[in-house]
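Please read it alongside the sequence and the model.

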Amino acid sequence: MKNITVVKGDITKMNVDAIVNAANAELRGGGGVDGAIHRAGGPMIMEECRKIGGCPTGEAVITTAGNLPSKYVIHTVGPIWYGGNKNEEKLLESAYNNSLRLAKENGLNSIAFPNISTGVYGFPKDLASSIAIETTRNFLKLNEVDIKVTFVCFDEENFQLYENKLEGH
Ligand code: AR6
């Protein structure tokens with residue numbers, strides 16, 4: 001069975017151990033997938049985020065999932081795209097690696113990722129999808145863990161990029 005798959009849809013509907021939120025460093029909520037997760041999950045998630053206080057770019061924190069079908073939300077902060085010379089690629093890689101590390105440390109079997117940084121933060125989608133897939137493949141291989149990873153794409157462009165890159169693997 002494939003360990004890495006892609007679907008098109010709304011990540012808040014995913015019945016997995018953890019969904020990942022593309023948050024901001026203040027963990028104060030916002031638009032995009034962050035807004036959708038807090039709306040669907042209810043105020044408990046924000047309550048936990050407030051207690052945690054914040055999360056530097058490239059790092060990740062974990063909370064429970066309120067009313068969502070998943071058990072946990074892993075909040076990670078992707079980089080804002082400034083043109084490519086501000087360590088954006090490494091920071092995006094870190095966001096994926098640290099989210100997967102938290103899943104491993106918490107003994108989770110399944111995780112769903114949105115396309116981190118490719119909305120408001122402006123990271124080029126093609127490059128972001130390559131980083132997401134490569135980082136995930138490397139993590140699973142290096143750590144020898146059996147975590148099922150689903151990339152949940154909200155828009156058709158991202159969905160096509162992931163489909164093409166995952167095809168045949
Ligand atoms: N399910 C899955 N993906 C979604 C959903 C959803 N319900 N809604 C949007 N997306 P963005 P960023 C996709 O802007 O670029 C927030 O205000 C969307 O199509 O949510 O990392 C935070 O608070 C896009 O491909 O996140 C931060 O301030 C992807 O999710 C900032 O935006 C990411 O877009 C983070 O910006």
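Buried means under 20% relative accessible area, exposed means over 50%, and partly exposed lies in between (1.4 Å probe, protein chains only). This is a predicted model, in which local features need pLDDT of at least 70 and side-chain atom pairs count only at pLDDT 80 or more, while totals for chains, interfaces and linings use all residues. Residues are numbered from 1 along each chain as its sequence is written, and side-chain values use heavy atoms, with hydrogens and water left out.

**Helix H4**

- Helix H4 covers residues 125-143, 19 residues in total; helices (H or I, at least four residues) and strands (E, at least two) are DSSP runs, numbered from the N terminus.
- From first C-alpha to last, H4 reaches 27 Å, close to the 27 Å expected at 1.5 Å a residue, where the expected span is 1.5 Å times one less than the number of residues.
- The buried residues of H4 include Ala128, Ile131, Ala132, Thr135, Phe139 and Leu140.
- Strand S1 (4-8), helix H3 (88-105), strand S6 (148-153) and helix H5 (156-166) are the elements against which the buried residues of H4 pack.
- Just after H4, glutamate 144 has a positive phi of about 50°.

**Salt bridges**

- The whole structure holds eleven salt bridges, each defined as a side-chain nitrogen of Lys or Arg within 4 Å of a carboxyl oxygen of Asp or Glu.
- Lysine 125 pairs with aspartate 155 at 3.3 Å, N to O. This pair links distant parts of the chain, with aspartate 155 in the loop between S6 and H5 and lysine 125 in helix H4, 30 residues apart.
- Aspartate 155 has a relative accessible area of 25% and is therefore partly exposed.
- Lysine 125 also forms a salt bridge with glutamate 157, the closest N and O atoms being 3.5 Å apart. Here too distant parts of the chain are linked, since glutamate 157 is in helix H5 and lysine 125 in helix H4, 32 residues apart.
- Glutamate 157 counts as partly exposed because its relative accessibility is 48%.
- Within H4, glutamate 134 and arginine 137 lie three residues apart, about one turn of the helix, and their side chains meet in a salt bridge (3.3 Å, N to O).
- An α-helix has 3.6 residues a turn, so residues three or four places apart point the same way.
- Glutamate 134 is partly exposed at 41% relative accessibility, and arginine 137 is partly exposed at 23%.

**Largest pocket**

- The largest pocket has a volume of about 570 Å³. On a 1 Å grid over the protein atoms alone, a pocket is an open set of points where a 1.4 Å probe fits, with protein on both sides within 12 Å along at least five of seven lines; lining residues have an atom within 4 Å of a point.
- Grid points are joined across faces, edges and corners, and the volume is the space filled by probe spheres set on the points.
- Of its 25 lining residues, Ala22, Gly32, Val33, Asp34 and Gly119 are the closest to the centre.
- Helix H1 (residues 32-41) gives the largest share of the lining, four residues.

**Valine 152**

- Valine 152 is found in strand S6 and is buried, at 4% relative accessibility.
- Contact means heavy atoms within 4.5 Å. Not counting residues up to four places away in sequence, valine 152 touches Val7, Gly9, Asp10, Ile11, Met14, Ala112, Phe113, Pro114 and Asn115.
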